[in-house]
Amino acid sequence: MGEEQEKPGILKGWVKTGLGALLGLGSGVVGVYTTAIVNQVAKPSQPVANFAVTTDGLDMTCQNQATGESGWWDFGDGAPLEPFDPAQPSVAHKFAKPGNYSVKLTVRNFLMEENSRSVPVDLTPAALPPSITGLTVESIGGPKPVAPAAFRIKGEVKNAESIILDLGDKVEVNTETGPFERLVVFEKPGEYPIQVIATTGKTVTNQRRAVTVSPSAEGIISVILRVNGTGHRHDRHEHLSTPVLTHAAGAKMVERVVAAKPGHVILEAKVGKVTSQSVSNLKTEVAPDHKSVKISADWTGPSTTGNAPGGGDVMVPLLLVEEREKPATEAAQPETASAVFPGANSNVILALPPQPHGMSEFQRKIALEIRQARAAGQSTLFVNEPDVKFPWTKTIDGPGFALTFNATLVGEHVQILLTQTQIQAGR
């Protein structure tokens, strides 16, 4: 793995001069020995930021091989900085998701001589084996589903570049990994294999399930909803940053500017609790263009940075709310739901899929099909409405009767009422 090594600073000349005066060294020949005395007696050993990295999935361990009085770890993923403890043999950290990260250790001695080292850590999906956990397939219509039958498929995929859902007669591909939930409808009776495949392009893992859909009794009326939505994805998220405020000797105020992530803007910034007594009156100010935030505070600690171990540094927990600067319009995952009317005069209620996370200006398009089962697995299509506008009504005339369907939108549910009326002869 590549590394970046930053060399320690050089001891200031006034430190040597002051110590020489205290030791009674003047000008002339005796002054020649000042540097040697300072280096051997007063100057501490140089700090060295050295560590080794091992990974297991998204878990990382840094073996501490560094020397120094104080410092901090920066894991490169927006997590809070962790103080360096010279007596701690190792530091563990868990990353939230795959990616390329730069882990940096900064150490100092009490004279503020500083040394840093950065180590790249490759946790991209291609470097980790994909996994599928918690896969379940649940029948929504009861323990003995009949056609058309709806099922909810749930699980979680990690360390994958794409998810493939193989339903036998159709295949869906999704590039968003993590927890997933999908509603599917099998309109005809039969045995249906369900396979979830997670792949990185180089490595593939899969899990299989199977469901059985029984035929409907002749004359049964069923309804199928197909829902598709569009909106703007803003990708809004919160994360914790821990910038370091460094005090310059004699300054009455300390401040630090934190930039937004590339392609993002800062909507809000809040400062958490700071235990240090060296600062007061902490403030945050988001820039007018929302590309950065400035943290400022009054310095109430020592007037010189060398009076405290590690210098005049204060770590500030900062909660940032950011979102992408240019939201993109995209289609939501199509969802389906189905139900069977229990009788001639009855109603069914079908839940709509929830609005996708991170979308605004979301609009649904609902297609509606109503069928009646016939012998040998056949069916009669009563209704095929590609874009339902609620409230919606449809009447189907049959031999000696009429079927009326009334659909209304109630919150996040569609309620459909079926009414059968007799038609008098000669009508």
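**Entry 1: cavity lining**

I sorted the lining of the largest cavity by class and found seven nonpolar, one polar and one charged residues; in this scheme Ala, Val, Leu, Ile, Met, Phe, Trp, Tyr, Cys and Pro count as nonpolar, Asp, Glu, Lys and Arg as charged, and the others, Gly among them, as polar. The model is a predicted one, in which local features need pLDDT of at least 70 and side-chain atom pairs count only at pLDDT 80 or more, while totals for chains, interfaces and linings use all residues. I note also that residues are numbered from 1 along each chain as its sequence is written, and that side-chain values use heavy atoms, with hydrogens and water left out.

I then listed the lining residues: Leu183, Leu225, Val227, Glu335, Thr336, Ala337, Ala351, Leu352 and Pro353. A cavity here is a set of points, on a 1 Å grid over the protein atoms alone, where a 1.4 Å probe fits but cannot get out, and lining residues have an atom within 4 Å of a point. Strand E26 (335-340) and E16 each supply at least two of the lining residues, and E26 gives the largest share, three residues. Strands are DSSP runs (E, at least two residues), numbered from the N terminus.

I looked up the volume as well, and it is about 30 Å³ for the largest cavity. The volume is the space filled by probe spheres set on the points, with grid points joined across faces, edges and corners. The count comes to one cavity of 30 Å³ or more.

**Entry 2: three-stranded sheet**

I traced an open sheet of three strands in the order E9-E10-E13, with antiparallel pairing. Strands E9 (131-139) and E13 (178-186) stand at the edges with a single partner strand each, so one side of each has no neighbour in the sheet. The twist averages 15° from one strand to the next, taken between lines fitted to C-alpha atoms, with angles from 0 to 180 degrees between N-to-C directions.

E9 pairs with E10 (residues 149-158) over seven bridges; two strands pair if DSSP finds at least two bridges between them.

**Entry 3: hairpin of E2 and E3**

I found six antiparallel bridges between E2 (residues 51-56) and E3 (residues 59-64). Ala52 stands opposite Gln63 in E3. Two residues lie between the strands of this hairpin, and Gly57 takes a positive phi near 65°.

**Entry 4: Asp235**

I placed Asp235 in the loop between E16 (221-233) and E17 (237-241). Asp235 is partly exposed, at 28% relative accessible area (buried is under 20%, exposed over 50%, partly exposed in between; 1.4 Å probe, protein chains only). Its C-alpha atom is separated by 8.4 Å from that of Glu322, 87 residues apart along the chain.

Key: Helix = DSSP H or I, 4+ residues; strand = E, 2+ residues; numbered from the N terminus. 1 Å grid on protein atoms, 1.4 Å probe; cavity = no way out; pocket = protein on both sides within 12 Å on 5 of 7 lines; lining within 4 Å.
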